[in-house]
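Trainee: I would like to go through the terms used for this model one by one. Please set each value against its definition.

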Amino acid sequence: MTTVAITQTRTTCPYCGVGCGVAITRQDTDVLPVAGDKHHPSNFGRLCVKGSNLHDTLDLDGRLLYPSVNGERVDWDTALDTVANQLRSVIAEHGPGAVAIYAAGQMLTEDYYAVNKLMKGFIGSGNLDTNSRLCMASAVASYKRAFGSDTVPGCYEDLEQADLLIITGSNAAWAHPILFQRMTAAKKANPDLKVIVVDPRRTATCDLADLHLAIRPGSDAFLFNALLGYMDAQNALDTDFINQHTEGSDELLANIRSQWQGIEAAAAQLDVSAEDLTTCLEWFKARPRTVTFYSQGINQSSSGTDKGNAIINLHLATGRIGKPGACPFSITGQPNAMGGREVGGLANQLAAHMDFADADRDRVQRFWNAPNLVQGPGLKAVDLFNAIKAGDIKFVWIISTNPLVSMPDADDVRAALQACDMVVVSDNMGNTDTALLADVLLPAAGWGEKNGTVTNSERRISRQRGFLPSPGEARADWWIISQIGRRLGYESAFDWQHPAEVFDEYARLTGFENNGSRDLDLSGLAGMSQEKYDRMLPVQWPVNAQYPQGRQRFFEDGRFFTPSGKARFINVTPALPVSRSNDGPLIMNTGRVRDHWHTMTRTAKSSKLAQHIREPYLDIHPQDAERFGIQEGQLARVFNSRGDILVRAHITSDQRTGEVFVPMHWTDRYASKGRMGALIDKTNDPISGQPELKFTGVSVEPF
Ligand code: SF4
């Protein structure tokens, strides 16, 4: 009789920032259909359709299996020597500023930590930026301005404890489905819970809304300042909280009072009815347990940081923070954008929530024993690719991301990479638009093969665990990075043998000379054995002597991480998006669809996921369709001075007139002329550097 070997693994979904636990069962070598991990406190066994079909995406089609240099297969030593030699030569001739790395929120925290240490401590360049710049850089900047730290104050349970949910700039039903399911269940359990969805489009998320405010695109800060103006006019601010725990209220309130001209005027600014706005204002006033849930519609804007601060100002001024069911809550797009920003995976961060102040630099230099600690911030994503095109950066290493599709003005990114002396790409796929331009290709282990941790949107650190062998010669990113570090002469700094050792070093850095002045402290997780790391359960940081089991909420004590310990009000004067009238008569918005992920390198493998939406499309209002001669279901050309795409027209009054929507995922591999990134301008938020991906002028015509 043959025995069947059953093995089970608990891991974390590789898609969105909800960070759901996934239960894997293997029968001999076969991976059975995946299930949600019932014990994971972020999803309690639920999975959305993307997560449920993960087992469909594990084939080797398109996988990058072997290293190559200039198109020729080579062994690992040759590939790594080629990269290290070129790095050494560029640094010697042009300095470390001529080197760049562009990484991704797909990487595990251990990978992110390793690459940040290599670049900022040993190469000595700050030009390490990531696709998180496209995702939540504005949320980070606004938290830091207000709290003195990049601290997400709340937790998912707050969504269930609130009596008002304001969902703004987020199609949560499609982009963060399990959180949307939790909100739906909360509303069912508490019919008194009101949900306001703020979005120019009518999306699937509006199905849960008691009120949908289809505001003028980009006018979010006008709304949150109006809420603050109204609460002030009604004497409904929390003056005790303001007086005890904040600073800057006099300036803020003077500014807000000069802006508040009453409901009719605010409604006109927002392009909504005075009646709907009144409902919103009254519900807010009557429901102190408010969560404002926001995502890319806030962040991907030329004033994304200010929008985040307008939301935070409102929560601070009404004392709606640090309490159950009350917080501003930015939700990250990617599985580990949070982990990336924790280790320092943005060009304007150093490491472990430390910046470039002298004390931080000194502390990190001593901890790493770093010979070339970077002096200050490097170039953010848009500027980084501009510098490559200008010839100022001569070596770029792109890890686990596809900027030829996702970056604004994506054809300019192509031109930049074509002009660069050496482009290194490490990825688990060998056929991405970006990989096709690489001089050196390094095969990376993928989800299900690699081991490490990710942090989700509620600060919960979860293990990703491997359950499959890596195919071909694919290796973990942290290993590839450490091999380059060793070849540059830094053997002892990069002598890790297992991701548990990388995590341990990172955890120790967070606790190093941390006397409570920094929010991120994982000292309670330092010193774990490999076995303990393998068994590690999901936990919300910080994990230290004070919070050995993690911390659900921050700021219950009214203490913030600014020098004074008080939260800072930021004086926000709302601004509409930068005008693109020269680019075309319609405004193009972009975003996710339910069943695809990023540039589809994984989700396109699943025939089930492909069934939901088969091709890129254009949502267009009936009046605009008539004006531009577009018929339902026909191919439409969407174009401006930067390029054009071909998409299937879908006529719908879910769009406002003058505005169209195109999904972000399709590349030229999956649909001829599907890359919407080629149309988008490089305008970005001057504070966060986050591009304005949701407001592009375009024209349309039948194809
Ligand atoms: Fe994965 Fe996000 Fe779906 Fe959860 S909600 S299963 S993390 S894609």
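**Helix pairs, ligand shell and domains**

Mentor: Start with a contact: Ser138, Ala139, Ala141, Ser142, Arg145 and Ala146 in α4 meet Gly304, Thr305, Gly308, Asn309 and Ile312 in α14. Residues are in contact if their C-beta atoms, placed from the backbone, lie within 7 Å. By class, this contact of α4 with α14 has 4 nonpolar, 6 polar and 1 charged residues. Ala, Val, Leu, Ile, Met, Phe, Trp, Tyr, Cys and Pro count as nonpolar, Asp, Glu, Lys and Arg as charged, and the others, Gly among them, as polar. The model is predicted, local features need pLDDT of at least 70, side-chain atom pairs count only at pLDDT 80 or more, and totals for chains, interfaces and linings use all residues. Residues are numbered from 1 along each chain as its sequence is written.

Trainee: What makes α4 oblique to α14?

Mentor: Helix α4 (residues 137–147) and helix α14 (residues 304–317) pack at an angle of about 50°, and their axes are 8 Å apart. That angle makes α4 oblique to α14. Angles under 35 degrees count as roughly parallel, over 145 as roughly antiparallel, 65 to 115 as roughly perpendicular and the rest as oblique. Axes are lines fitted to C-alpha atoms, for helices over the stretch in contact, and angles run from 0 to 180 degrees between N-to-C directions. Helices (H or I, at least four residues) and strands (E, at least two) are DSSP runs, numbered from the N terminus.

Trainee: Is the crossing of α4 and α14 left-handed or right-handed?

Mentor: The crossing of α4 and α14 is right-handed. A crossing is left-handed if the near helix is turned anticlockwise from the far one by less than a right angle, and right-handed if clockwise.

Trainee: Why are α17 and α19 called oblique to each other?

Mentor: Helix α17 (residues 381–389) and helix α19 (residues 410–419) cross at roughly 45°, with axes that come within 7 Å. They are therefore oblique to each other. Here α17 passes α19 in a left-handed crossing. Phe385, Ile388 and Lys389 of α17 make the contact with Asp412, Val413, Ala415, Ala416, Leu417 and Ala419 of α19. By class, that contact has 7 nonpolar, no polar and 2 charged residues.

Trainee: How do you know that the ligand lies between domain 1 and domain 3?

Mentor: Domain 1 (6–57) and domain 3 (137–331) both give residues to the shell around the ligand, so it lies between them. The domain bounds come from an automatic or database domain assignment. Of the 14 residues around the ligand, Cys13, Cys16, Cys20, Cys48 and Gly51 come nearest. A residue is near a molecule if its C-beta atom, placed from the backbone, lies within 6 Å of it. The shell has 9 nonpolar, 4 polar and 1 charged residues, and α1 (49–52) and α7 (177–189) each supply at least two residues of it.

Trainee: How many residues of domain 1 are in contact with domain 2?

Mentor: 15 residues of domain 1 are in contact with 14 residues of domain 2. On the domain 1 side, the largest share, 4 residues, comes from β1.

Trainee: What makes the phi of Ala352 worth a remark?

Mentor: Phi of Ala352 is near 50°, a positive value in a residue other than glycine. Most residues other than glycine have a negative phi, and most peptide bonds are trans. The peptide bond from Trp541 to Pro542 is cis, with omega near 5°.

How values were computed:
Contact = placed C-beta atoms within 7 Å.
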